[in-house]
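Trainee: Please show me the structure. I would like to go through it in questions and answers.

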Amino acid sequence: MANIRRSMLFIPGNNSGMLISSDVFDADSIIFDLEDSVALDEKDSARILVKEVLKTIHFKSEIIVRVNPFDTPYYALDVEEIKQSNIDLILLPKATVESVIDLSKRLEGTEIGIMVLIETAMGVEQVYNILDASNRCYGLMLGGEDLCVDLNCKRTKLGQELFYARGRVVNAAHALNKFVIDTPFTDIYDESGLEKDTLFAKSLGFDGKASINPRQIVSINQVFNPTIDEINHAKRIIEAKDRALKEGKGVFSLDGKMVDLPIIKRAEKIIEMASKIGLIKGVLL
Amino acid sequence: MELLKPSKAGTYESNDIYIMLFPGYEENTIELESIVYETFGSQIKKVILDTLKEFGVEHTLVKAIDKGALDVTIRARLITAIKRGVNNG
(Lines give C-alpha, C1' and ligand atoms only; values in the text may rest on other atoms or scores of the structure.)
Protein backbone atom coordinates (compact mmCIF):
# COMPACT_ATOMS: atom_id res chain seq x y z
CA MET A 1 0.00 0.00 0.00
CA ALA A 2 1.28 3.45 -0.85
CA ASN A 3 2.35 5.60 2.05
CA ILE A 4 2.70 8.78 0.02
CA ARG A 5 -0.68 10.41 -0.26
CA ARG A 6 -0.08 13.97 -1.39
CA SER A 7 -3.15 13.97 -3.62
CA MET A 8 -6.38 11.99 -3.74
CA LEU A 9 -8.56 12.45 -6.81
CA PHE A 10 -12.32 11.80 -6.72
CA ILE A 11 -13.68 10.12 -9.87
CA PRO A 12 -17.47 9.77 -10.35
CA GLY A 13 -18.24 6.05 -10.23
CA ASN A 14 -20.71 6.09 -13.10
CA ASN A 15 -18.51 8.00 -15.55
CA SER A 16 -16.93 5.37 -17.77
CA GLY A 17 -14.51 7.70 -19.58
CA MET A 18 -13.12 9.19 -16.38
CA LEU A 19 -12.85 5.85 -14.59
CA ILE A 20 -10.82 4.31 -17.38
CA SER A 21 -8.46 7.25 -17.77
CA SER A 22 -8.16 8.11 -14.06
CA ASP A 23 -4.63 6.79 -13.71
CA VAL A 24 -3.09 9.33 -16.09
CA PHE A 25 -3.49 12.37 -13.83
CA ASP A 26 -0.63 11.43 -11.44
CA ALA A 27 -2.73 11.48 -8.28
CA ASP A 28 -1.16 9.34 -5.56
CA SER A 29 -4.58 7.89 -4.79
CA ILE A 30 -7.76 7.62 -6.84
CA ILE A 31 -11.16 7.55 -5.15
CA PHE A 32 -13.89 5.88 -7.20
CA ASP A 33 -17.02 7.48 -5.85
CA LEU A 34 -20.30 5.61 -5.38
CA GLU A 35 -21.81 8.31 -3.15
CA ASP A 36 -22.45 11.99 -3.88
CA SER A 37 -21.48 12.04 -7.57
CA VAL A 38 -23.87 9.19 -8.45
CA ALA A 39 -27.62 9.74 -8.91
CA LEU A 40 -29.87 7.61 -6.70
CA ASP A 41 -31.28 5.66 -9.66
CA GLU A 42 -27.77 4.90 -10.96
CA LYS A 43 -26.27 3.43 -7.78
CA ASP A 44 -26.50 -0.12 -9.18
CA SER A 45 -24.96 0.94 -12.46
CA ALA A 46 -21.99 2.70 -10.83
CA ARG A 47 -21.37 -0.24 -8.50
CA ILE A 48 -21.24 -2.69 -11.41
CA LEU A 49 -19.13 -0.38 -13.59
CA VAL A 50 -16.54 0.21 -10.85
CA LYS A 51 -16.37 -3.50 -10.10
CA GLU A 52 -15.87 -4.43 -13.76
CA VAL A 53 -13.27 -1.71 -14.30
CA LEU A 54 -11.34 -2.91 -11.23
CA LYS A 55 -11.45 -6.48 -12.55
CA THR A 56 -10.08 -5.45 -15.93
CA ILE A 57 -7.67 -2.53 -15.51
CA HIS A 58 -4.53 -2.47 -13.38
CA PHE A 59 -3.95 0.97 -11.85
CA LYS A 60 -0.60 2.25 -10.62
CA SER A 61 -2.19 4.63 -8.09
CA GLU A 62 -3.57 3.58 -4.75
CA ILE A 63 -7.24 2.65 -5.28
CA ILE A 64 -9.94 3.75 -2.86
CA VAL A 65 -13.70 3.34 -3.24
CA ARG A 66 -16.09 5.68 -1.45
CA VAL A 67 -19.17 3.66 -0.55
CA ASN A 68 -22.52 5.12 0.44
CA PRO A 69 -23.13 6.00 4.11
CA PHE A 70 -23.82 3.31 6.71
CA ASP A 71 -27.42 4.44 7.22
CA THR A 72 -28.43 4.10 3.54
CA PRO A 73 -29.78 0.99 1.77
CA TYR A 74 -26.82 1.13 -0.65
CA TYR A 75 -24.05 0.71 1.93
CA ALA A 76 -24.24 -3.06 2.43
CA LEU A 77 -24.57 -3.73 -1.31
CA ASP A 78 -21.59 -1.47 -2.06
CA VAL A 79 -19.35 -3.16 0.50
CA GLU A 80 -20.42 -6.68 -0.50
CA GLU A 81 -19.59 -6.07 -4.18
CA ILE A 82 -16.50 -3.92 -3.78
CA LYS A 83 -14.71 -6.02 -1.16
CA GLN A 84 -14.24 -8.70 -3.82
CA SER A 85 -12.16 -6.25 -5.86
CA ASN A 86 -8.48 -5.47 -5.77
CA ILE A 87 -8.59 -2.18 -3.86
CA ASP A 88 -6.51 -0.66 -1.06
CA LEU A 89 -9.03 1.26 1.00
CA ILE A 90 -12.74 1.90 1.44
CA LEU A 91 -13.62 5.51 2.21
CA LEU A 92 -16.48 5.53 4.71
CA PRO A 93 -18.57 8.73 4.61
CA LYS A 94 -20.13 10.30 7.69
CA ALA A 95 -18.09 7.89 9.78
CA THR A 96 -19.04 6.99 13.33
CA VAL A 97 -17.56 4.48 15.78
CA GLU A 98 -20.50 2.15 15.05
CA SER A 99 -20.07 2.33 11.27
CA VAL A 100 -16.29 1.74 11.45
CA ILE A 101 -16.81 -1.36 13.59
CA ASP A 102 -19.48 -2.63 11.18
CA LEU A 103 -17.31 -2.05 8.10
CA SER A 104 -14.33 -3.65 9.79
CA LYS A 105 -16.35 -6.82 10.43
CA ARG A 106 -17.59 -6.90 6.84
CA LEU A 107 -13.99 -6.66 5.59
CA GLU A 108 -12.70 -9.59 7.64
CA GLY A 109 -10.76 -12.01 5.44
CA THR A 110 -9.66 -9.24 3.06
CA GLU A 111 -6.60 -6.96 3.01
CA ILE A 112 -8.72 -3.85 2.48
CA GLY A 113 -8.21 -0.96 4.89
CA ILE A 114 -10.60 1.74 6.02
CA MET A 115 -10.28 5.49 5.60
CA VAL A 116 -12.91 7.52 7.42
CA LEU A 117 -14.51 10.69 6.15
CA ILE A 118 -15.03 13.14 9.00
CA GLU A 119 -17.77 15.48 7.84
CA THR A 120 -20.16 16.04 10.73
CA ALA A 121 -19.86 18.08 13.92
CA MET A 122 -20.17 14.86 15.94
CA GLY A 123 -17.54 13.22 13.73
CA VAL A 124 -15.09 16.00 14.53
CA GLU A 125 -15.75 15.70 18.26
CA GLN A 126 -15.45 11.89 18.13
CA VAL A 127 -12.56 11.72 15.65
CA TYR A 128 -10.04 10.05 17.98
CA ASN A 129 -12.49 7.28 18.92
CA ILE A 130 -13.58 6.80 15.30
CA LEU A 131 -9.97 6.41 14.11
CA ASP A 132 -9.21 4.10 17.02
CA ALA A 133 -12.31 1.92 16.51
CA SER A 134 -10.52 -0.58 14.26
CA ASN A 135 -6.96 -1.67 13.45
CA ARG A 136 -8.09 -1.61 9.84
CA CYS A 137 -8.61 2.15 9.99
CA TYR A 138 -5.47 3.74 8.52
CA GLY A 139 -6.43 7.37 8.21
CA LEU A 140 -9.01 10.05 7.61
CA MET A 141 -10.19 12.72 5.24
CA LEU A 142 -11.88 15.91 6.37
CA GLY A 143 -15.07 16.69 4.43
CA GLY A 144 -15.49 20.46 4.62
CA GLU A 145 -18.62 20.89 2.53
CA ASP A 146 -20.91 18.58 4.52
CA LEU A 147 -19.35 19.73 7.77
CA CYS A 148 -20.28 23.34 7.03
CA VAL A 149 -23.88 22.27 6.38
CA ASP A 150 -23.87 20.56 9.78
CA LEU A 151 -22.26 23.61 11.41
CA ASN A 152 -24.80 25.90 9.76
CA CYS A 153 -22.05 28.12 8.38
CA LYS A 154 -20.89 29.22 4.97
CA ARG A 155 -17.93 27.46 3.36
CA THR A 156 -15.44 30.15 2.37
CA LYS A 157 -12.17 30.18 0.45
CA LEU A 158 -10.34 31.49 3.51
CA GLY A 159 -11.59 28.49 5.47
CA GLN A 160 -11.71 30.08 8.93
CA GLU A 161 -14.90 28.11 9.59
CA LEU A 162 -12.84 24.89 9.35
CA PHE A 163 -9.97 25.98 11.55
CA TYR A 164 -11.09 24.09 14.65
CA ALA A 165 -12.00 20.94 12.71
CA ARG A 166 -8.71 20.93 10.79
CA GLY A 167 -6.64 21.26 13.94
CA ARG A 168 -8.63 18.65 15.77
CA VAL A 169 -8.49 15.96 13.06
CA VAL A 170 -4.78 16.53 12.41
CA ASN A 171 -4.00 16.15 16.08
CA ALA A 172 -6.10 13.00 16.48
CA ALA A 173 -4.58 11.39 13.37
CA HIS A 174 -0.98 12.08 14.39
CA ALA A 175 -1.68 10.98 17.97
CA LEU A 176 -2.67 7.59 16.56
CA ASN A 177 0.03 7.54 13.85
CA LYS A 178 -2.54 7.58 11.03
CA PHE A 179 -2.64 9.63 7.85
CA VAL A 180 -4.77 12.75 7.46
CA ILE A 181 -6.06 14.29 4.22
CA ASP A 182 -7.52 17.76 3.83
CA THR A 183 -10.88 18.62 2.27
CA PRO A 184 -10.99 19.56 -1.45
CA PHE A 185 -10.70 23.16 -2.63
CA THR A 186 -13.80 23.39 -4.77
CA ASP A 187 -13.12 26.38 -7.06
CA ILE A 188 -11.32 24.55 -9.86
CA TYR A 189 -10.49 27.80 -11.71
CA ASP A 190 -8.78 29.54 -8.75
CA GLU A 191 -5.22 28.20 -8.94
CA SER A 192 -3.67 30.65 -6.50
CA GLY A 193 -6.49 29.98 -4.02
CA LEU A 194 -5.79 26.25 -4.32
CA GLU A 195 -2.09 26.78 -3.68
CA LYS A 196 -2.74 28.94 -0.60
CA ASP A 197 -5.29 26.49 0.80
CA THR A 198 -2.92 23.55 0.21
CA LEU A 199 0.05 25.36 1.77
CA PHE A 200 -2.11 26.13 4.78
CA ALA A 201 -3.17 22.48 5.07
CA LYS A 202 0.47 21.37 4.88
CA SER A 203 1.45 23.88 7.54
CA LEU A 204 -1.17 22.40 9.90
CA GLY A 205 0.17 18.87 9.49
CA PHE A 206 -2.01 17.35 6.78
CA ASP A 207 -0.30 14.62 4.71
CA GLY A 208 -2.21 15.44 1.53
CA LYS A 209 -5.27 17.00 0.00
CA ALA A 210 -8.32 15.67 -1.79
CA SER A 211 -9.29 16.97 -5.20
CA ILE A 212 -12.44 16.93 -7.27
CA ASN A 213 -10.75 17.81 -10.56
CA PRO A 214 -7.64 16.41 -12.30
CA ARG A 215 -6.34 19.92 -13.09
CA GLN A 216 -5.63 20.45 -9.36
CA ILE A 217 -3.33 17.44 -8.96
CA VAL A 218 -0.06 18.98 -10.18
CA SER A 219 -0.42 21.97 -7.83
CA ILE A 220 -1.29 19.81 -4.83
CA ASN A 221 1.61 17.42 -5.47
CA GLN A 222 4.03 20.33 -5.81
CA VAL A 223 3.00 21.84 -2.49
CA PHE A 224 3.43 18.55 -0.65
CA ASN A 225 6.74 17.73 -2.35
CA PRO A 226 9.76 18.51 -0.18
CA THR A 227 11.63 21.55 -1.48
CA ILE A 228 15.24 21.38 -2.71
CA ASP A 229 16.34 23.27 0.42
CA GLU A 230 14.50 20.79 2.64
CA ILE A 231 16.06 17.84 0.81
CA ASN A 232 19.58 19.28 0.99
CA HIS A 233 19.21 20.08 4.68
CA ALA A 234 17.84 16.59 5.36
CA LYS A 235 20.83 15.05 3.51
CA ARG A 236 23.25 17.05 5.66
CA ILE A 237 21.48 15.90 8.85
CA ILE A 238 21.72 12.25 7.76
CA GLU A 239 25.39 12.67 6.86
CA ALA A 240 26.09 14.36 10.22
CA LYS A 241 24.23 11.56 12.01
CA ASP A 242 26.32 8.91 10.22
CA ARG A 243 29.55 10.75 11.13
CA ALA A 244 28.45 11.03 14.76
CA LEU A 245 27.67 7.31 14.87
CA LYS A 246 31.14 6.45 13.55
CA GLU A 247 32.71 8.72 16.13
CA GLY A 248 30.60 7.14 18.86
CA LYS A 249 28.77 10.38 19.70
CA GLY A 250 25.27 10.14 21.11
CA VAL A 251 24.33 13.71 20.32
CA PHE A 252 25.73 16.10 17.72
CA SER A 253 25.15 19.55 16.31
CA LEU A 254 24.80 20.95 12.81
CA ASP A 255 25.30 24.65 12.02
CA GLY A 256 25.51 25.32 15.73
CA LYS A 257 22.16 23.64 16.53
CA MET A 258 21.69 20.43 18.46
CA VAL A 259 20.21 17.59 16.39
CA ASP A 260 18.00 15.19 18.28
CA LEU A 261 15.87 12.18 17.34
CA PRO A 262 12.73 14.02 16.10
CA ILE A 263 14.88 16.10 13.73
CA ILE A 264 16.62 12.98 12.43
CA LYS A 265 13.28 11.23 11.94
CA ARG A 266 11.91 14.21 10.04
CA ALA A 267 15.02 14.31 7.84
CA GLU A 268 14.68 10.59 7.09
CA LYS A 269 11.03 11.08 6.21
CA ILE A 270 11.90 13.89 3.79
CA ILE A 271 14.63 11.81 2.11
CA GLU A 272 12.35 8.77 1.89
CA MET A 273 9.54 10.78 0.31
CA ALA A 274 11.89 12.59 -2.10
CA SER A 275 13.31 9.24 -3.12
CA LYS A 276 9.90 7.63 -3.63
CA ILE A 277 8.59 10.41 -5.82
CA GLY A 278 11.78 10.52 -7.87
CA LEU A 279 13.26 13.82 -6.65
CA ILE A 280 16.47 12.02 -5.65
CA LYS A 281 17.78 8.63 -6.71
CA GLY A 282 19.62 5.78 -5.08
CA VAL A 283 19.04 6.69 -1.46
CA LEU A 284 19.21 3.91 1.10
CA LEU A 285 18.35 4.66 4.70
CA MET B 1 -31.81 -15.60 -16.14
CA GLU B 2 -35.12 -14.68 -17.66
CA LEU B 3 -35.79 -11.07 -18.53
CA LEU B 4 -39.17 -10.10 -17.10
CA LYS B 5 -39.45 -6.59 -18.48
CA PRO B 6 -37.69 -4.15 -20.82
CA SER B 7 -34.69 -2.48 -19.24
CA LYS B 8 -31.92 -0.03 -20.02
CA ALA B 9 -28.53 1.13 -18.75
CA GLY B 10 -25.67 3.40 -19.75
CA THR B 11 -25.44 6.91 -21.16
CA TYR B 12 -24.91 8.71 -24.45
CA GLU B 13 -21.65 10.22 -23.18
CA SER B 14 -18.32 9.69 -24.90
CA ASN B 15 -16.63 6.38 -23.94
CA ASP B 16 -19.98 4.93 -22.90
CA ILE B 17 -22.77 2.85 -24.43
CA TYR B 18 -26.56 3.02 -24.02
CA ILE B 19 -28.14 -0.40 -23.92
CA MET B 20 -31.85 -1.34 -24.05
CA LEU B 21 -33.13 -4.90 -23.61
CA PHE B 22 -36.51 -6.18 -24.81
CA PRO B 23 -37.64 -9.69 -23.84
CA GLY B 24 -39.93 -11.96 -25.87
CA TYR B 25 -37.91 -12.39 -29.08
CA GLU B 26 -37.35 -15.73 -30.78
CA GLU B 27 -33.60 -15.55 -30.28
CA ASN B 28 -31.00 -13.08 -29.06
CA THR B 29 -30.77 -10.29 -31.62
CA ILE B 30 -28.51 -7.22 -31.66
CA GLU B 31 -29.25 -3.84 -33.23
CA LEU B 32 -26.05 -1.80 -32.91
CA GLU B 33 -25.28 1.83 -33.72
CA SER B 34 -21.68 2.79 -33.13
CA ILE B 35 -19.34 5.62 -34.00
CA VAL B 36 -16.70 2.93 -34.58
CA TYR B 37 -19.00 0.34 -36.20
CA GLU B 38 -16.75 -0.46 -39.16
CA THR B 39 -13.70 -1.14 -37.00
CA PHE B 40 -15.17 -2.55 -33.81
CA GLY B 41 -18.77 -3.53 -34.62
CA SER B 42 -18.12 -7.27 -34.61
CA GLN B 43 -16.10 -7.05 -31.36
CA ILE B 44 -18.88 -5.09 -29.63
CA LYS B 45 -21.44 -7.69 -30.73
CA LYS B 46 -19.18 -10.47 -29.48
CA VAL B 47 -18.92 -8.86 -26.02
CA ILE B 48 -22.71 -8.49 -25.92
CA LEU B 49 -23.35 -12.09 -27.01
CA ASP B 50 -20.73 -13.51 -24.63
CA THR B 51 -22.21 -11.57 -21.70
CA LEU B 52 -25.78 -12.65 -22.53
CA LYS B 53 -24.57 -16.24 -22.66
CA GLU B 54 -22.68 -15.91 -19.35
CA PHE B 55 -25.88 -14.74 -17.64
CA GLY B 56 -28.08 -17.27 -19.45
CA VAL B 57 -30.19 -14.60 -21.14
CA GLU B 58 -32.17 -15.76 -24.20
CA HIS B 59 -34.98 -14.51 -26.45
CA THR B 60 -33.89 -10.90 -26.10
CA LEU B 61 -33.50 -7.94 -28.44
CA VAL B 62 -30.48 -5.80 -27.56
CA LYS B 63 -30.53 -2.25 -28.90
CA ALA B 64 -27.17 -0.55 -28.29
CA ILE B 65 -25.97 2.94 -29.12
CA ASP B 66 -22.21 3.00 -28.69
CA LYS B 67 -20.14 6.15 -28.16
CA GLY B 68 -16.75 4.50 -28.15
CA ALA B 69 -17.07 2.30 -25.06
CA LEU B 70 -14.35 -0.17 -24.16
CA ASP B 71 -15.26 -3.85 -23.70
CA VAL B 72 -15.31 -3.42 -19.91
CA THR B 73 -17.92 -0.66 -20.14
CA ILE B 74 -20.06 -2.56 -22.64
CA ARG B 75 -20.05 -5.54 -20.33
CA ALA B 76 -20.83 -3.46 -17.21
CA ARG B 77 -23.74 -1.64 -18.85
CA LEU B 78 -25.18 -4.89 -20.20
CA ILE B 79 -24.91 -6.59 -16.79
CA THR B 80 -26.72 -3.59 -15.24
CA ALA B 81 -29.50 -3.78 -17.85
CA ILE B 82 -29.85 -7.55 -17.34
CA LYS B 83 -30.10 -7.18 -13.56
CA ARG B 84 -32.66 -4.41 -13.94
CA GLY B 85 -34.66 -6.54 -16.38
CA VAL B 86 -34.84 -9.60 -14.14
CA ASN B 87 -35.77 -7.57 -11.07
CA ASN B 88 -39.53 -7.62 -10.81
CA GLY B 89 -39.63 -4.81 -8.23
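Trainee: Which residue stands opposite B:Lys8 in E2(B)?

Mentor: This is a predicted model, where local features need pLDDT of at least 70, side-chain atom pairs count only at pLDDT 80 or more, and totals for chains, interfaces and linings use all residues. Residues are numbered from 1 along each chain as its sequence is written, chains are lettered from A and ligands numbered from 1 in the order in which they are written, and side-chain values use heavy atoms, leaving out hydrogens and water. Strands (E) are DSSP runs of at least two residues and helices (H or I) of at least four, numbered from the N terminus. In E2(B), the residue opposite B:Lys8 is B:Met20.

Trainee: In which sense do E1(B) and E2(B) pair?

Mentor: Two strands pair if DSSP finds at least two bridges between them. E1(B) and E2(B), residues 17–23, have four bridges, and the sense is antiparallel.

Trainee: What is the order of the strands in the open sheet of chain B?

Mentor: The sheet has four strands with mixed pairing. Its edge strands, each pairing on one side only, are E1(B) (7–10) and E3(B) (29–34). The order is E1-E2-E4-E3.

Trainee: Which residue forms a salt bridge with B:Arg84?

Mentor: A salt bridge is a side-chain nitrogen of Lys or Arg within 4 Å of a carboxyl oxygen of Asp or Glu. The rule finds three across the interface of chain A and chain B. For B:Arg84, the closest N and O atoms are 2.7 Å apart, and the partner is A:Asp44.

Trainee: Which element gives the largest share of the side of chain A that touches chain B?

Mentor: Helices H1 (16–21) and H2 (43–56) of chain A each supply at least two residues of that side. The largest share is eight residues, and it comes from H2(A).
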